[in-house]
Amino acid sequence: MFDRHQAGEQAVLVHIDFPQENAREDLQEFEMLVSSAGVNCLTVVTGKRDTPHSKFFVGSGKAEEIADAVKLYDADVILFNHILSPSQEKNLEALCECRVLDRTTLILDIFAQRARTHEGKMQVELAQLKHMSTRLIRGWTHLERQKGGIGLRGPGETQLETDRRLLRERMHSIRGRLEKVEKQRFQGRRARSRAEIPTVSLVGYTNAGKSTLFNRITNASVYAADQLFATLDPTLRKIHIKDVGRVILADTVGFIRHLPHDLVAAFKATLTETREADLQLHVVDIADERRSENIASVDAVLEEIEANDIPQLLVCNKIDSLADVAPRIDRDENGKPIRVWLSARANIGIELLSQALTELLATEVVKHTLKIPPIAGKLRGTLYELNCINSESYDDDGNCLLDVTLPLREWNKLLKAGKSDIETFIQH
């Protein structure tokens with residue numbers, strides 16, 4: 001929907017420091033966003049203000065400095081590390097004779113480049129349309145009534161009104177299709193709930209290493225890269241946890257400071273996997289100097305999507321980037337795991353994460369020795385699928401002797417399914 005950044009597009013970046021914490025942005029993160037969008041940074045114009053200027057956001061002198069930088073470097077676009085009003089964008093474009101995009105538009109553009117699934121593309125388009133609906137005035141200077149005459153009589157709307165109506169219709173259409181996707185996701189979650197399969201959701205700041213950890217645990221090949229928003233579309237995989245059984249692990253989109261509200265709303269269906277999980281693995285880049293602020297930003301988004309009351313395990317990732325930090329599990333006063341220190345990329349401490357998941361998710365465990373006759377060999381295959389067999393041997397009559405350990409819920413499901421009268425095979 002927006003002008004897509006082409007590879008090698010040249011940009012002047014603008015970053016202003018404000019004293020208020022809620023208005024402050026991070027320059028290093030902004031440069032990473034620009035790089036993730038495939039834009040080449042020519043120069044960075046910085047400054048300080050107490051409050052944004054109503055006309056240019058920056059002061060008039062700083063606006064002239066930006067215009068001079070555009071001419072000096074022959075820039076294609078000006079990127080602001082802040083949210084601009086439509087009138088501020090329009091005034092800056094008129095002064096600098098160059099396209100002006102704010103932080104929200106930049107993030108939306110990155111999302112548009114990253115979305116792979118049909119659902120992800122619809123979610124991004126909806127967010128773009130909502131953002132664009134407030135900025136239509138930028139594209140039109142001919143706001144007169146549509147011309148009359150034979151073949152040219154319009155419906156009596158201005159061009160702006162026509163565009164707004166078309167936007168509303170398109171947004172309504174996308175919302176309807178996303179509601180269908182949400183219903184499909186709900187059916188999937190309900191089926192998992194009926195099967196009593198716990199769901200663990202990976203959450204965290206963008207580029208914290210969630211997809212790398214996901215691939216390490218599941219042996220999957222989800223796209224993982226050292227860039228912001230490498231993952232947009234949720235990926236679910238089934239894994240096996242000792243004494244827990246089958247678990248669904250969900251990899252979700254990363255969060256960022258001041259994530260545009262339209263994006264949070266558009267990705268509501270995707271983030272539902274996070275909201276309805278049994279446990280959240282909050283992945284943190286422990287080598288990042290801004291880790292405390294990143295954790296706070298993630299917690300703020302979780303609160304916005306009403307997912308802040310779900311049990312959480314902090315995963316301190318990338319310990320290979322720090323000196324003298326060994327993999328370990330931190331526990332609370334009751335001995336319950338609260339933090340796991342590991343490195344997904346270096347494959348350090350992954351077994352500790354499995355141990356912590358076992359402790360947090362394991363319910364009552366059933367242990368039995370089963371004597372399975374040759375005629376019930378299919379049951380043996382089922383138990384192997386559940387990965388619950390500790391040892392196996394055979395007696396002189398050809399019966400299979402199995403020592404099994406599995407969660408009570410899995411055992412009850414076997415009983416309910418009537419697996420060859422399994423209770424008759426128990427050895428006391």
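Predicted model: local features only at pLDDT ≥ 70, side-chain atom pairs only at ≥ 80, totals over all residues.

Student: In what order do the 4 strands of the open sheet lie?
Tutor: The sheet is open, and its pairing is parallel. Strand 2 (39–48) and strand 4 (99–101) are the edges, each pairing on one side only. On average, neighbouring strands are turned by 25° against each other, direction ignored. The order is 2-1-3-4.

Student: Which residue of strand 2 is the bridge partner of Gln 10?
Tutor: Strand 1 covers residues 9–17 and runs parallel to strand 2. The two are joined by 9 bridges. Within strand 2, Gln 10 is partnered by Asn 40.

Student: Which strands does helix 2 touch?
Tutor: Helix 2 spans residues 60–73 and packs on the sheet. Its direction makes about 160° with that of strand 2. The strands touched by helix 2 are strand 1, strand 2 and strand 3 (77–80).

Student: At what angle to strand 4 does helix 3 run?
Tutor: Helix 3 is made of residues 86–96. It lies across strand 3 and strand 4. Its angle to strand 4 is about 145°.

Student: How many nonpolar, polar and charged residues make up the contact of helix 4 with helix 5?
Tutor: Helix 4 passes helix 5 in a left-handed crossing. Helix 4 brings Thr 104, Thr 105, Leu 108, Phe 111 and Ala 112; they meet Val 124, Ala 127, Gln 128 and His 131 of helix 5. By class, this contact has 5 nonpolar, 4 polar and no charged residues.

Student: How many charged residues are in the contact of helix 1 with helix 4?
Tutor: This crossing is left-handed. Glu 29, Phe 30, Leu 33, Val 34 and Ser 36 of helix 1 meet Arg 103, Leu 106, Ile 107, Ile 110 and Arg 114 of helix 4. The contact has 6 nonpolar residues and 1 polar, and the charged ones number 3.

Student: Is Asn 207 buried or exposed?
Tutor: Asn 207 sits in the loop between strand 5 (199–204) and helix 7 (210–218). Its phi is positive, about 70°, although it is not a glycine. Buried means under 20% relative accessible area. At 17%, Asn 207 is buried.

Student: What relative accessible area does Asn 347 have?
Tutor: Asn 347 belongs to the loop between strand 11 (337–341) and helix 11 (350–361). Its phi is positive too, near 60°. Asn 347 is partly exposed, and its relative accessible area is 43%.

Student: Which residues does Thr 358 contact, leaving aside neighbours within four places in sequence?
Tutor: Thr 358 is placed in helix 11. It counts as buried, at 14% relative accessibility. Beyond those sequence neighbours, its contacts are Ile 241, Lys 242, Asp 243 and Val 244.

Notes:
Residues numbered from 1 in each chain as written. Heavy atoms only, no water. Pairing = 2+ DSSP bridges. Axes fitted to C-alpha atoms, helices over the stretch in contact; angles between N-to-C directions. Contact = heavy atoms within 4.5 Å. Buried < 20%, exposed > 50% of the residue type's maximum accessible area, 1.4 Å probe, protein only. Left-handed = near helix turned anticlockwise from the far one by under 90°. Nonpolar A, V, L, I, M, F, W, Y, C, P; charged D, E, K, R; others polar.
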